[in-house]
Amino acid sequence: MSTRRYALKMIAAAAVAGGMIGALDVLAQQVRAAAQPAPQPGAERVGLKGYDPVAYFTLSTPTAGMAEYDYVYDGVRYLFANARHRDLFKANPDKYAPQFGGSCAMNMANGTKREADPTVWVIIGGKLYVFAGTAGADSFRKEAQVAADRAATNWKTLKDRPSH
């Protein structure tokens, strides 16, 4: 849907719900959002697609983080569900940060850097691993130490390359 068509729909919806003043406010928000510059190369990316890395350990489930609780570690911006999780991460980022920068651990073991789905995950040996799909997670679990060692070796050369 085009930005213009979307903005017009937003104006119409706001006009019905809150009158023309509300519609103009919505339009202003849309214009500001559309005017935002694209992220620049080298700008920090959001890790784990916005999921809270500490929640995997404390809540045993992927949990969406909030922008108000963020922390940048190793060039990656992590979001947290609450201030306590952010503070735990700050105190010990090596414990909570996903392995291989949040790239798929099984693909990394096979020599490919691929973006992971943060809802497919496992904690083994106190380390968080995320995967592109369930098949990768299942393969990784079968020989976790061998796969982790191969992935760690490949990470040294693939770390700064773009994901596939």
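This report describes the fold, strand pairing, aromatic contacts and nonpolar core of one protein model.

**Basis of the model**

The model is predicted: local features need pLDDT of at least 70, side-chain atom pairs count only at pLDDT 80 or more, and totals for chains, interfaces and linings use all residues. Residues are numbered from 1 along each chain as its sequence is written, and side-chain values use heavy atoms, with hydrogens and water left out.

**Overall fold**

The protein has seven helices and five strands. Helices (H or I, at least four residues) and strands (E, at least two) are DSSP runs, numbered from the N terminus.

Of the 164 residues, 33% are buried. Buried means under 20% relative accessible area, exposed over 50%, and partly exposed in between (1.4 Å probe, protein chains only). The protein exposes about 9800 Å², an area from the Shrake-Rupley method with a 1.4 Å probe. Carbon and sulfur atoms supply 53% of that area.

Contact means heavy atoms within 4.5 Å. Among contacts with a separation of 6 or more, 53% join residues 24 or more positions apart.

Strands pair if DSSP finds at least two bridges between them.

β1 and β3 (residues 76–80) run parallel, joined by two bridges. V46 has R77 of β3 as its bridge partner.

β2 and β3 are antiparallel, with five bridges. Y71 stands opposite Y78 in β3. These two strands form a hairpin with two residues between them. In the turn, D74 has a positive phi of about 55°.

β4 (residues 117–124) pairs with β5 (residues 127–131) over five bridges, in the antiparallel sense. I123 faces L128 of β5 across the pairing. Two residues separate the strands of this hairpin, and G125 takes a positive phi near 60°.

**Aromatic pairs**

Rings of Phe, Tyr and Trp (its six-membered ring) pair if their centres lie within 6.5 Å; planes under 30 degrees apart count as stacked, over 60 as edge-to-face and the rest as tilted. By this rule there are ten aromatic pairs. Two edge-to-face examples follow.

| Pair | Centre to centre | Angle between planes |
|---|---|---|
| F57 and Y96 | 5.3 Å | 85° |
| Y73 and F89 | 5.8 Å | 85° |

What does the pair of F57 and Y96 tie together? F57 lies in helix α2 (residues 53–58) and Y96 in helix α4 (residues 93–96), so the pair ties together parts that are 39 residues apart in sequence. F57 is partly exposed, at 23% relative accessible area. Y96 is buried, at 6%.

Y73 lies in strand β2 and F89 in helix α3, so this pair links parts that are 16 residues apart in sequence. Y73 is partly exposed, at 24% relative accessibility. F89 is buried, with a relative accessible area of 0%.

Both residues belong to one aromatic cluster, formed by Y71, Y73, Y78, F80 and F89. Leaving out residues up to four places away in sequence, F89 touches P53, V54, Y71, Y73, Y78, F80, Y96 and A97.

**The nonpolar core**

A nonpolar core is a set of buried Ala, Val, Leu, Ile, Met, Phe, Trp, Tyr and Cys residues joined through side-chain atoms within 4.5 Å. The largest has 30 residues. Those with the most contacts inside it are Y78, F89, F100, M106, Y129, F131 and F140.

Which elements each supply at least two residues of this core? They are α2, β3, α5 (105–109), β4, β5, α6 (134–142) and α7 (144–158). Helix α7 gives the most, with six residues.

**Around N107**

N107 lies in helix α5. Apart from neighbours within four places in sequence, N107 is in contact with T112, R114 and A132. N107 and A132 are 25 residues apart along the chain, and their C-alpha atoms are separated by 7.9 Å.
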